[in-house]
Each structure stands twice: as C-alpha cells, then as structure tokens.
Number of protein chains: 2
Amino acid sequence: MRFVLASASPARLSVLRSAGIEPLVIVSGVDEDALVDSLGPQAEPESVVTELARAKARDVLPRIAESGHSDAVVVGCDSMLLIDGELQGKPLTVDVARARWKAMAGSHATLLTGHCVIRTENGTVVDEAAECSGTVVHFSTPSDADLEAYLATGEPLQVAGSFTLDSLGGWFVDRIEGDPSSVIGIGLPLVRRLLGRVGVGIAELWRGSPVL
Amino acid sequence: MRFVLASASPARLSVLRSAGIEPLVIVSGVDEDALVDSLGPQAEPESVVTELARAKARDVLPRIAESGHSDAVVVGCDSMLLIDGELQGKPLTVDVARARWKAMAGSHATLLTGHCVIRTENGTVVDEAAECSGTVVHFSTPSDADLEAYLATGEPLQVAGSFTLDSLGGWFVDRIEGDPSSVIGIGLPLVRRLLGRVGVGIAELWRGSPVL
C-alpha cells in the first residue's frame, strides 16, 4: 500500500520521513480561494481547513491511479493560524509578517490543521476520514533586532501564521498546548487515528528499516 | 563566537541545525551516576537534570580552549522523564521499554530537560546561566501490534522516557503542554533566554545563510 502526500510542503514531507514514512508526493492543484469563497463567510474555521484538506486529497486521486498505485492511502492537509477569530495564511511580505509578529508577540493563537485520509483499493475509493487538529501556540517577544533578523531570512513569509516551529521560528515559541507535528503541518497522532478509521495500522506503513 | 554543544545526541544536533546553528560538538565525559548519587535521594528532579546539564557544560570547557575557540558559548543539556515521581532515563532493553509503555499508555508524564549555558571570552569563563524546562506529555495507547513494531525498531530503547517526539514515537504522543524542542532534548526558547542572560542575542549566532 502506497502512502501519498497531497502537499508540496517540505515541512510535512520532513515530518513523515522522520516518522518512518517515505511518501509519494503528488501536489494538488486546488483553487483554495475559490473553495473558501464557496464555503461562505459563516463557515467555521475548523471546517475551512478540513474542507481544504479534503479537496486536496480528492484532487490527486486521478494521478495516483495514473502512477500505477491501485492500493493507496492519500493524505491532504491544510494549516492556518486562528488569531482573534480570523484565519491567517502566509504573510508573503516582510511588512505583513512584521505587523503580525508585533500583534502576536507575548500572546497566543490557535494553529488549525485540517486532515483528510482517503483509502483506495484497485484504483477505487473505499473509505475516507477527515478531522481538524487545533493547537494553542504561545509566542515569546523577540527583541527588535531578533525579529528583523528573522524577517530578513525570509522564513516567516511563506508559512501559515508567519512562524515555524521546526526551524528558526522555534526560538520564539515559548510553549504549545496540543500536537507539535500538527503545528508543523501534519499531525501524526491524528493521521494515525484517521488511518485506523479506514482500516490501516500505522506500523504497516513504516519502511523496512528503522529510523534510528 | 562559537556555539558548542556538549552532547552526543543526534536529536539535539538536528534541532539546532534546523534552527540555524551549526554547533561544534564536544561530548562530555561526566560520570552521571556518580553525580546523581552525590546529589542525594532528596534532590528535586529539576535540580538533578539541571546539575547534570551544568556538569556536562563545564566538563568540555578545557577542550573548547584546546580547539582554539577562545570566545564561545557552550550548552549542556540533560533529559529525563518524570513519571509518578520517579526520574526515568533510557530503558535500554525491549522488556523495560514495553513495561514502561504499558504503564504510560493513555496517561501522561513530565519530560524534564536541564540546560546550562556558559560563556567564555579569551578562554576564560565570564558568565553562566542554568534552568530546567518541564513539558507534560500525553501518550496515546498504541495497539499491541503497533507497540511491538515500535519496540522492534530499537528506537525507544536509547532515549530518555522510552519515546521520541520527532521520530517514530511521534505517532503515539497525542499532545504536549510545553516546549516541543525541550522534549526532543534542547529547548530553543529556554536556550534563547539563557543566552540573553549571558549577553548573547540569538540572531548573532545564526549562520549567514537562511535555513529556508
């Protein structure tokens, strides 16, 4: 059975590799803005990230079949930071990232990651399970010099919520309440539970050789 | 200024590298059992790991001078799992690791990591700061098949508390309350604060090239 990751995120790929899985990466081509618009302004934040994850997983199904893997589990994920009731994606510019850090320094926010697992057998979808993982993230207050140095690396510009937990941003996250892998982008304990719901044990998916 | 890691732990090295620091690794030769005995049975768990961290950092000081780095910050760390009031190190055997997992599955424990930062200038110690980071870890309940597969990889045998957060064990940790990097073995936000106390800003230590 092939494990397929429907994401271009190097952070998600790294989490999976460290956890014993070498996935087949097939990047989805979902129009995320259009999907969010279709859900409407009243959609719950947890629903937004979960439906984005579901759309990404479903989007790559035809290409899994084309790649010759008739038995597979595909995982789609979507992460956003919920802060003061607003969902935030990637800041993209230094100015937006700086403004967000000024607002969230010394405070906390909730990182939501939607997950969807789809199982195929003989090229046909046989089961699907989806759920959102939420983790509270407490930010420290970087000095102005440290914040400018962090922004200058470019790292926070391309990540949901303007921070990473597993790279330079880790210096500025004091604590979390929840699952750290879900903050990085793919929650291992939740993926394990979703795999269980579609009848797949996690150890079946580990590579033959141990990680350590 | 050279950042020196007084630890052989590949997990600590990996956390630092991901966070923008390529440390000089000098492994300490501290007799940990003798030090713990010298602290006596009444020593607080937080003191035990902090004093072990301090001893490790101090132990490598002569070799930093020998290696030609007169200006340096050296970081020592020690991690143990506190469960039902008892400090647990590495299980070393499959039987011990299995028994610990049977006891902690579905429950929680506190991962303590002691940290000590020592700053040298012109080969002389000018400052030292030490503190312990504690994080509550909530374990899930692996199926018998998953637990046996996990034990068979050997991974849990050589790590404090019989689990990892950043490798295969991550599938079986539902959530934490605290700093995930301290669970892996070196707490980035605490090291940043300790560096601040000895007068070093974290961004000064990042490599020239950004991580991402």
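**Reading the model**

Tutor: Let us begin with exposure: Asp84(A) counts as exposed because 9 C-beta neighbours lie inside 10 Å, where a residue is called exposed if 12 or fewer other C-beta atoms lie within 10 Å of its own, buried if there are 20 or more, and partly exposed in between, with C-beta atoms placed from the backbone. This is a predicted model, in which local features need pLDDT of at least 70 and side-chain atom pairs count only at pLDDT 80 or more, whereas totals for chains, interfaces and linings use all residues. Residues are numbered from 1 along each chain as its sequence is written, and chains are lettered from A and ligands numbered from 1 in the order in which they are written.

Student: Where does Asp84(A) lie, and what is the phi of Asp84(A)?

Tutor: Asp84(A) sits in the loop that links β3 and β4 (86-88) of chain A, where helices (H or I, at least four residues) and strands (E, at least two) are DSSP runs numbered from the N terminus. Its phi is near 55°, which is a positive value in a residue other than glycine. Leu92(A), in the loop between β4 and α5 of chain A, likewise has a positive phi, near 70°, and with 11 C-beta neighbours inside 10 Å Leu92(A) is counted as exposed.

Student: How should I read a helix, and which residues of α5(A) are buried?

Tutor: One looks down the axis and asks where the buried residues point. In helix α5 (residues 94-104) of chain A the buried residues are Ala97(A), Trp101(A) and Met104(A). They fall within an arc of 75° when seen down the axis of α5(A), so they line one face of the helix, the arc being that of the directions from the helix axis to the C-beta atoms. The face turned away from this buried side carries the exposed residues Asp95(A) and Lys102(A). The buried residues of α5(A) pack against β3 (72-83), β5 (108-121), β6 (124-139) and α6 (144-153) of chain A, contact meaning that the C-beta atoms, placed from the backbone, lie within 7 Å. Just after α5(A), Gly106(A) has a positive phi of about 75°.

Student: Which residues touch the most other members of the largest nonpolar core?

Tutor: In soluble globular proteins, nonpolar side chains tend to be buried together. A nonpolar core is here a set of buried Ala, Val, Leu, Ile, Met, Phe, Trp, Tyr and Cys residues joined through C-beta atoms within 7 Å. The largest one has 124 residues, of which Val4(A), Val74(A), Val75(A), Val4(B), Val74(B) and Val75(B) touch the most other members. Leaving aside residues up to four places away in sequence, the contacts of Val4(A) include Pro23(A), Leu24(A), Ile26(A) and Val60(A).

Student: In what sense do β1(B) and β3(B) pair, parallel or antiparallel?

Tutor: Two strands are said to pair if DSSP finds at least two bridges between them. Strand β1 (residues 2-5) and strand β3 (residues 72-83) of chain B pair in the parallel sense over four bridges, with Ala72(B) as the bridge partner of Arg2(B). β1(B) is also joined by two bridges to strand β2 (residues 24-25) of chain B, again running parallel, and there Val4(B) has Leu24(B) as its bridge partner.

Student: How are the two chains related, and how many residues does each give to the contact?

Tutor: Two copies of a chain are related by a rotation about an axis and a shift along it. Chain A can be laid on chain B with an RMSD of 0.0 Å by a turn of 180° and a shift of 0.0 Å along the axis, superposed by least squares on the C-alpha atoms of residues with pLDDT of at least 70 in both. The two copies are thus related as by a two-fold rotation axis. The contact takes 36 residues from chain A and 36 residues from chain B; β7(A) gives the most to the side of chain A that touches chain B, with six residues. β7(A) pairs with strand β7 (residues 173-178) of chain B in the antiparallel sense over three bridges, and Glu177(A) stands opposite Glu177(B). Of the residues of chain A, Glu177(A) comes closest to the rotation axis, at 2.3 Å (C-alpha).

How values were computed:
Contact = placed C-beta atoms within 7 Å.
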